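The stops below are given in the order in which they may be selected.

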Amino acid sequence: MPLPLLNADTVASYLRDRGLAEFNREERIRVRDLSRRNHNLAVEIDGQEVWLIKQIQYDTPEVVTSLAREAYCYYAAENGGPLAPLRALMPRCAYFDSAHSILVIGFLEGVNAADAHVRVGPFEGRLAEELGRVLAQVHRTPPPGCFPRELPWVLRPLANGWQASARSRFLARFHGLAAVARALEELRDNWQTNTLIHGDARPENFVFSRPFEVRLVDWELTDVGDAAWDCANVMQYYWGQWASVGATGQEAWN
C-alpha cells in the first residue's frame, strides 16, 4: 500500500527514519516538486541539492513494475552486478522502498541535453555525439535474462476490450488508417529482441554534469529490444527541431 505523497512537511522524517539523512535545527531543508509521470521531489539541505525522491502517483501494476525495474537497474549496476559496465552512466541509488514504491537517488547537478541544445544551438554535433556514445555503451552491455522483452506500447496490437483504455483508444486512431496500420504491423514483425535498450532515451533524460560527464536517468522502461528504438527517441528531438525552424529539403537536413 503506497504512502500518501511525500511533501515538504513529511520528507525530512521519511529520510531520517531510513537513515538517509540527519537533520539538526540549524540546517535548512527545501523541497522542490519536479513531478512528471511520477511524484518527484528534489531535496535541498543548506542550499545543496542532495536527493531526488521518486514516488508513484498512481497505484497500478504497470507503474509499480516500472519503478521497480528502474531500481533493479541501479542495483544491478553496483558491486559487479550484470549491469556493472553502466554504473558510471547512472545516478547513485541510495534506497528503494519496495513496499511503498519510493526510490531515492542522488540528485544530479547539471543540465539535460535538450536544455543544453537551447544554449548552444539545436544541431550542435558535439552534443549529439555524446548521446550516441552513451547509447552505444548501453547497447553493447549484455542484457540480463530477467527483462520481459515486451514490445513498446505503441507497437502492441489492440487487445479485446481496448475501449476501456485511454492509451488504446489513442492507438485505435492509427489502426483505423490502413497505411499506418500496415506500417505498425511491419514494425512489429521486424522488432528485434537482442539488445539492452533504455526505452526512454529522450534528450531530457541525458544529464550533463560537472566535471564533464553524461548520466542517463529514468531507467523505468529498460528492456531487451531493438536498438533502433532508442536511436529513434533521440532523433525525434532533432526532427522536431528541424521542422520547427522551417528547414525543408534534404540539403537542410544534412
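Select Lys 54 and Glu 70 first: their side chains meet in a salt bridge, with N and O 2.7 Å apart. A salt bridge here is a side-chain nitrogen of Lys or Arg within 4 Å of a carboxyl oxygen of Asp or Glu. Because Lys 54 belongs to strand 3 (residues 48-55) and Glu 70 to helix 2 (residues 61-77), the pair ties together parts that are 16 residues apart in sequence. Helices (H or I, at least four residues) and strands (E, at least two) are DSSP runs, numbered from the N terminus. Lys 54 has 2% relative accessibility and therefore counts as buried; Glu 70, at 0%, counts as buried too. Buried means under 20% relative accessible area, exposed means over 50%, and partly exposed lies in between (1.4 Å probe, protein chains only).

The model is predicted: local features need pLDDT of at least 70 and side-chain atom pairs count only at pLDDT 80 or more, whereas totals for chains, interfaces and linings use all residues. Residues are numbered from 1 along each chain as its sequence is written, and side-chain values use heavy atoms, with hydrogens and water left out.

Next, select Glu 213 and Arg 215, whose side chains form a salt bridge at 3.1 Å, N to O. Glu 213 is partly exposed, at 33% relative accessibility, whereas Arg 215 is buried, at 18%. Salt bridges that share partners also join Arg 36, Arg 37, Lys 54, Glu 70, Asp 218 and Glu 220 into one network. Selecting these six residues together displays that network.

Move to helix 4 (residues 125-140), where Glu 130 and Arg 133 lie three residues apart, about one turn of the helix. The two form a salt bridge, their closest N and O atoms being 3.0 Å apart. Glu 130 is buried, with a relative accessible area of 18%, and Arg 133 is partly exposed, with 38%. How many salt bridges are there by this rule? The count comes to 16.

Now select Ser 101, in the loop between strand 4 (93-97) and strand 5 (102-106). Its phi is near 55°, a positive value in a residue other than glycine. Is Ser 101 buried or exposed? Ser 101 is buried, with a relative accessible area of 5%. Apart from residues up to four places away in sequence, Ser 101 touches Lys 54, Gln 55, Ile 56, Val 64 and Leu 67. Contact means heavy atoms within 4.5 Å.

Continue into strand 5 and select Ile 105. This residue is buried, with a relative accessible area of 4%. When neighbours within four places in sequence are set aside, the contacts of Ile 105 include Val 50, Trp 51, Leu 52 and Tyr 74. Pro 91, Arg 92, Cys 93 and Ala 94 are also among the contacts of Ile 105.

Proceed to Asp 226, in the loop between strand 10 (223-225) and helix 7 (227-244). Asp 226 is buried yet has no salt bridge. Which side chain of opposite charge is nearest to Asp 226? It is that of Arg 149, 12 Å away. Lys and Arg count as positive and Asp and Glu as negative, while His and the chain ends are not counted. A polar atom of the Asp 226 side chain lies 3.0 Å from the backbone nitrogen of Ala 228. Beyond its neighbours within four places in sequence, Asp 226 is in contact with Asn 190, Trp 191, Gln 192 and Ile 197.

Select Arg 149 itself, in the loop between helix 4 and helix 5. Arg 149 has a positive phi of about 60° although it is not a glycine. With 41% relative accessibility, this residue counts as partly exposed.

Phe 170 is found in helix 5 (residues 166-175) and, at 39% relative accessibility, counts as partly exposed.

Note on methods. A polar contact is a pair of N or O atoms within 3.5 Å; within protein, one must be able to donate a hydrogen and the other to accept it, and residues adjacent in sequence count only if both atoms are side-chain atoms.
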